[in-house]
Structure formats: C-alpha cells, structure tokens
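Biologist: Could you walk me through the charged pairs in this protein? I would like to hear how each answer is reached.

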Amino acid sequence: MQVPVNTIDNVTESALLRNNDTETPVDFDTHMDHPIPEDFSTSYSSESEAEDEDDEEIIYGEPSFSDKLQEWAVTHKIPQNAINSLLGILRQEPGLHHLPRDSRTLQKTPESVNIQEQPAGKLWIGSLRTIIRSLLENKSVVDTINLQLHIDGLPIAGSSKSQFWPVQFRILEYPDILPQVVVIFHGEGKPPSLENYLGPMVDDLKLMLQEGIQLNNKNVQIQLHSVIADSPAWAYIKGVVYFNHCHGCTKCTVEGDYYYKQGHHMSFSSLDAAKRTDEDFRLRKDPDHHKEATPFERLPIDMIQKFPVADSLHLFDLAFVVNSKPSKLIEVLEGEIEGNFLKSSDISVKLHQERTSIGFEESLPRKMK
C-alpha cells in the first residue's frame with residue numbers, strides 16, 4: 001500500500017526520513033523476517049544521477065565536503081527546496097560537479113521504509129550492521145569498537161498516550177558521531193512483545209559479537225559496552241519486576257519492606273544479601289525477581305554488569321520528595337489549586353511564604369519558574 005509520507009507522525013518522519021519535505025511514497029511492508037540478513041541494504045534515490053557525477057576524493061578519517069554539507073543541512077534544518085537551490089549553484093563551480101542535484105540524494109533519504117504492523121502499534125527495525133558500516137565507511141577504523149545501547153519511552157502528545165520507544169546506540173570510539181536510532185516502536189504504551197521489539201536487533205548484534213564486522217577491508221571486533229535505561233525501562237527490557245517491588249533490587253537478592261504509614265515506599269535495609277550474578281540470573285535462582293525471558297539473554301554478556309544502575313530519579317529523588325518536608329508544601333499548593341488554576345505569580349507567593357515556615361530556605365525555589 002502506498003501512503004504519502006505526510007500521513008506518518010511528524011516525529012516518525014523526522015527520525016526515519018531525515019527532513020524530507022516532499023511527498024515521497026512510503027512502502028509499508030507488514031512482514032519483516034528476523035534475524036536481519038547480513039546483506040540488508042536500503043536503496044537511495046536518483047541512481048541515474050550518479051552516472052554523470054565525478055568521484056569525490058575520499059580521505060579516511062576526514063569527512064568529505066558532501067558529508068559536511070549534509071551535516072550542515074540537517075543541523076540547521078534547511079528546507080529541501082533551499083538545499084536543491086544551493087546544490088544547483090555549487091555544481092556550477094569547478095571541482096564540485098560531483099555533488100548531487102537533489103537534497104534527497106545528498107541526505108541519503110530512503111525511497112521506502114519498512115514498517116511492521118503490530119497489534120498495539122507500528123514497529124520499524126533497521127540493520128545495526130548496515131548503519132555501522134555507513135557511519136564508518138569514510139573513517140579510519142580501530143581494531144575494536146564498543147557499542148552502548150539506550151532504550152526508553154518518549155511521549156509525543158499531550159492529549160493522548162501516543163509514544164515512541166526508540167532503541168539508540170552510539171560508538172564510544174567515535175564521540176563525534178551522534179547516537180543513531182536502530183529500532184522505533186510507536187503505540188499507546190510499551191511494546192507488548194519483547195521478542196518482536198528487540199529480537200531482530202539482538203540477533204544482528206549477536207552475530208557481530210561473534211564474528212566482528214568488515215569495515216574498509218578490515219575485520220573489526222564488536223563489543224557491547226553497556227545498556228543504558230532508567231529503572232522502569234531497565235526492568236521492562238530485562239523482563240524483571242519493577243524497582244519498587246520487594247524483589248526489585250538489581251544488584252543483590254535483598255527483600256524489601258513496604259512502609260504503608262511512612263510515605264508508602266519500599267525500603268531495602270539489609271546490607272548483607274547475596275549479590276546477583278549472571279549465572280544466577282540465567283538460572284532463575286530468584287524466581288520472584290523475573291517476569292519473562294528477554295532477548296538479551298541470547299547475547300554472550302553479563303546480564304548484571306552490562307546493565308548499570310544510573311537512575312537517581314526513581315531510586316532516590318522521588319522518595320525524598322514524597323517522604324520529606326517538601327511534601328507539606330505540595331499539600332499546601334494542591335489545597336490552593338483544587339478547583340482553581342493559580343497563576344505562576346500566585347504560586348511564587350506561596351513558595352515565598354512556605355520556604356521559611358517549613359525550614360527549607362535553601363532547597364526550595366523562590367519562584368514557580
């Protein structure tokens with residue numbers, strides 16, 4: 001089915017088609033095999049255009065003029081018609097005839113995007129191997145590269161539950177390369193199936209961890225440095241209970257105690273519980289900690305060490321707000337706001353009045369803004 005690009009959500013279009021203003025048709029392929037084949041490729045526009053172009057000299061380790069122009073256009077969100085006009089001018093200059101005529105060729109805009117229909121949304125899965133090759137094709141390569149994954153949910157609308165769940169990665173040895181998107185799920189909640197969501201990407205990564213990847217006639221080893229996520233997303237992608245569950249500690253087998261009268265919070269007070277290990281995780285030694293299997297278990301990685309805990313918001317900050325004196329201020333403001341909408345100036349007045357009365361002169365803001 002041919003659907004105009006402008007019918008796709010704006011964020012999807014920006015993420016996948018990279019600033020494409022035109023009505024390029026998108027082919028929605030509802031079937032996607034996995035694992036993704038090694039020769040997976042994306043076709044780009046204007047093949048006939050390349051026939052009359054001179055080859056641009058490539059110096060490994062340095063971005064070409066075309067790469068710099070492409071980055072400039074994306075960074076500053078230059079309209080497509082403006083890029084086309086600029087390319088027409090530049091192509092008339094000596095030594096720049098190799099530049100394409102169309103911005104879609106310059107930005108390597110895909111002619112079609114494979115979207116997999118899901119019961120609860122839509123799923124786009126790219127080829128991790130192909131993306132890495134395209135990023136490093138004009139760079140000098142090292143012997144080993146470390147990948148860092150990031151997974152989290154992203155609300156995209158204030159009037160509905162519509163949200164994205166992108167999987168991003170970055171190459172630690174090349175800090176100048178921005179994080180790249182390899183998977184995007186769109187729906188009104190988390191992806192319902194971990195296997196459909198992460199399975200193809202994990203299988204692609206597993207093969208690269210075992211065999212490496214060919215880059216510029218060199219076999220480069222691939223390692224997974226870490227998987228970064230906040231506590232709710234972390235529990236979801238590992239298939240374990242949430243952080244506020246009595247068996248939710250990610251590093252040891254301590255059993256938490258829930259306090260009903262002291263702020264409704266889970267507390268992990270024991271300091272001598274056994275540490276979790278990769279072997280114990282895979283053998284389900286603590287069955288109450290697990291909810292379902294995760295595709296990440298197919299990788300030859302440490303399921304504990306490769307998922308660091310770096311989320312003070314859910315583990316500390318929220319508990320502090322709920323269980324400390326600022327909660328009194330929240331109650332005061334809620335009492336004033338109930339049934340009415342206060343202006344920011346009115347809330348600033350309340351903040352000023354309450355800062356000294358509850359003993360938080362330094363930690364509470366002076367104004368609403």
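Predicted model: local features only at pLDDT ≥ 70, side-chain atom pairs only at ≥ 80, totals over all residues.

Biologist: How many helices and strands does the protein have?

Modeller: Both are DSSP runs numbered from the N terminus: helices are H or I with at least four residues, and strands are E with at least two. On that basis, the protein has 11 helices and 12 strands.

Biologist: What share of the residues counts as buried?

Modeller: Buried means under 20% relative accessible area, exposed means over 50%, and partly exposed is in between, using a 1.4 Å probe and protein chains only. Among the 369 residues of the protein, the buried share is 40%.

Biologist: How many salt bridges are there?

Modeller: Side chains of opposite charge can pair when their charged atoms come close. A salt bridge here is a side-chain nitrogen of Lys or Arg within 4 Å of a carboxyl oxygen of Asp or Glu. By this rule the count is 11.

Biologist: Which residue forms a salt bridge with Asp102?

Modeller: Asp102 is buried, at 15% relative accessible area. The closest N and O atoms of the pair are 2.9 Å apart, and the partner is Arg104.

Biologist: How many residues apart in sequence are the parts that Arg298 and Glu195 tie together?

Modeller: Arg298 and Glu195 form a salt bridge whose closest N and O atoms are 3.0 Å apart. Arg298 lies in the loop between helix 8 (278-283) and helix 9 (312-323), whereas Glu195 is in helix 6 (residues 194-211), so the pair ties together parts whose separation in sequence is 103 residues.

Biologist: And is Asp203 buried or partly exposed?

Modeller: Asp203 also forms a salt bridge with Arg298, with the closest N and O atoms 3.1 Å apart. That pair links distant parts of the chain, 95 residues apart, with Asp203 in helix 6. At 18% relative accessibility, Asp203 counts as buried.

Definitions and conventions:
Residues numbered from 1 in each chain as written. Heavy atoms only, no water.
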